[in-house]
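Trainee: Could you show me how to read a protein model, one feature at a time?
Mentor: Gladly, let us look at it together.

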Amino acid sequence: MEDLSRRRILKILAAGLATRLLCPRFVCGNRLERKGPKIPVLHATDLFRPHMDPDDHWDLACIYALAYRGDIDLKGVLIDYPPQNRKGHNPDMMAVAQMNWVCGIFAPVAVGSPLPLKSRNDIQTNASSTDHHGVQMVLDILRKSPQPVVINILGSSRDIAIAGKRDPDLFAAKCAAIYLNAGTGSPKMSLASKLEYNVTLDKFAYAAIFDLPCPVYWMPCFEEMESRTKQAVREYGTHYRFRQDEILPHLSEMVQNYFAYMFGRYTDHNWLHYLKGKNDKALLSKVGSMYRHMWCTGGFLHAAGYTVSRSGKIAPLDEKPNLPVFTFDPIRVRCNDSGVTEWTHDDNVRNRFIFHVRDVDSYQSAITKAMKSLLMTLS
Ligand SMILES: [Ca+2]
């Protein structure tokens, strides 16, 4: 009996070693093993139930897929306080609970400040501890993390701006990078330009992010607001779109249920049983035929150490892949109190970068394929 167990253990160890030798960088299969330490990530998002723009639910699934693969250590999810005119919308704790459960991880979740900034240096000294639920989470995660943390901003910049202005030394030491998904990437915005939605959520906060003493990877949502109506891919805008049935039917039954629970606008508390139930095929087929506008995917991959080839392959950055479909270029950038930006290329700058689409013809298909392969790793 003892011999049999020993033989089985040796067999398992030998199989593990063979897998490592056969797969050059990562272990084969869905659960990947990173060479270096996982990148700590804090995800700040305007994720609501019922949903507003469902792109944040797609983004949440992508960030959890990176955590599930072992690329990142998801330190927490910070959800914006619902905008003033959206009283029926609550921070979607249930979507976070579902993704935590699907991935077998335990990321905490907090809610952002309801108080708009009064200036770009406003740290809201009179705010209550509930007002600063999210700000405290940001500061706590940065203080406790042995490694510097990447912060993704997908909605309002408010909580990250307050945290950064309250403790700039902490941000200098412990914020690895902010991936700022907001604004327009035209090199010189006119003062009359229409502001992008995430900027309008808190203009002072958006401006404050450009002041912080940490690297900022700026991901303007559009090159200019006029390109939104044309829906074209532009060099200095992250926007792309995809038809949802390019990806949805290829996902696991549970992940399809995660999306259906959001698309169905359920506001009950049945999140676990819904996740484990049968797929609502009629609902999934209806939403499958709809297009989804997206922005943030390239930044998630870049923060985790990847880029995307023009054919849609996710490629490690340290292998310096040929012809990536996007890069981040060093820039000198200024943002005034009204959220109006002005920037120029500058190879000497080490802490400000702009997202640059290197091939506008293949970006949309490449990034959609990359997202599909990422989400298909979730079981
Ligand atoms: Ca968003």
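Here we talk through confidence, a metal site, the cores, a helix and a hairpin.

Trainee: What should I know before I start?
Mentor: This is a predicted model, in which local features need pLDDT of at least 70, side-chain atom pairs count only at pLDDT 80 or more, and totals for chains, interfaces and linings use all residues. Residues are numbered from 1 along each chain as its sequence is written, and side-chain values use heavy atoms, with hydrogens and water left out.

Trainee: What is the mean pLDDT of the chain?
Mentor: pLDDT is the predictor's confidence in each residue, from 0 to 100. The chain has a mean of 91, and 89% of its residues reach 70 or more. Over residues 1-31, however, pLDDT stays under 50. Where pLDDT is low, the predicted coordinates should not be read in detail.

Trainee: Which residues are the protein donors of the calcium ion?
Mentor: Donors are N, O and S atoms within 2.8 Å of the metal (3.2 Å for Na, K and Ca); water is not among the atoms, so sites may look incomplete. Here Asp46 (OD), Asp56 (OD), Asp56 (OD) and Leu154 (O) lie 2.3 to 2.7 Å from the calcium ion. Asp46 is in the loop between strand 1 (39-45) and strand 2 (48-49), and Leu154 is in the loop between strand 6 (149-153) and helix 5 (158-166), so the pair ties together parts that are 108 residues apart in sequence. Helices (H or I, at least four residues) and strands (E, at least two) are DSSP runs, numbered from the N terminus.

Trainee: Are Asp46 and Leu154 buried or exposed?
Mentor: Buried means under 20% relative accessible area, exposed over 50%, partly exposed in between (1.4 Å probe, protein chains only). Both Asp46 and Leu154 are buried.

Trainee: Which residues touch the most other members in the largest nonpolar core?
Mentor: A nonpolar core is a set of buried Ala, Val, Leu, Ile, Met, Phe, Trp, Tyr and Cys residues joined through side-chain atoms within 4.5 Å. Among the 76 residues of the largest one, those residues include Trp58, Leu60 and Met371. Helix 2 (residues 55-69) gives the most to this core, with 10 residues.

Trainee: How far apart are the end C-alpha atoms of helix 14?
Mentor: The expected span of a helix is 1.5 Å times one less than its number of residues. With 13 residues, helix 14 (residues 363-375) should span 18 Å, and its end C-alpha atoms are 18 Å apart, which agrees. Its buried residues include Tyr363 and Met371.

Trainee: How many residues lie between strand 13 and strand 14 in their hairpin?
Mentor: Two strands pair if DSSP finds at least two bridges between them. Strand 13 (residues 326-335) and strand 14 (residues 341-345) pair in the antiparallel sense over five bridges. Their hairpin has five residues between the strands, and Gly339 in the turn has a positive phi of about 85 degrees.

Terms used:
Contact means heavy atoms within 4.5 Å.
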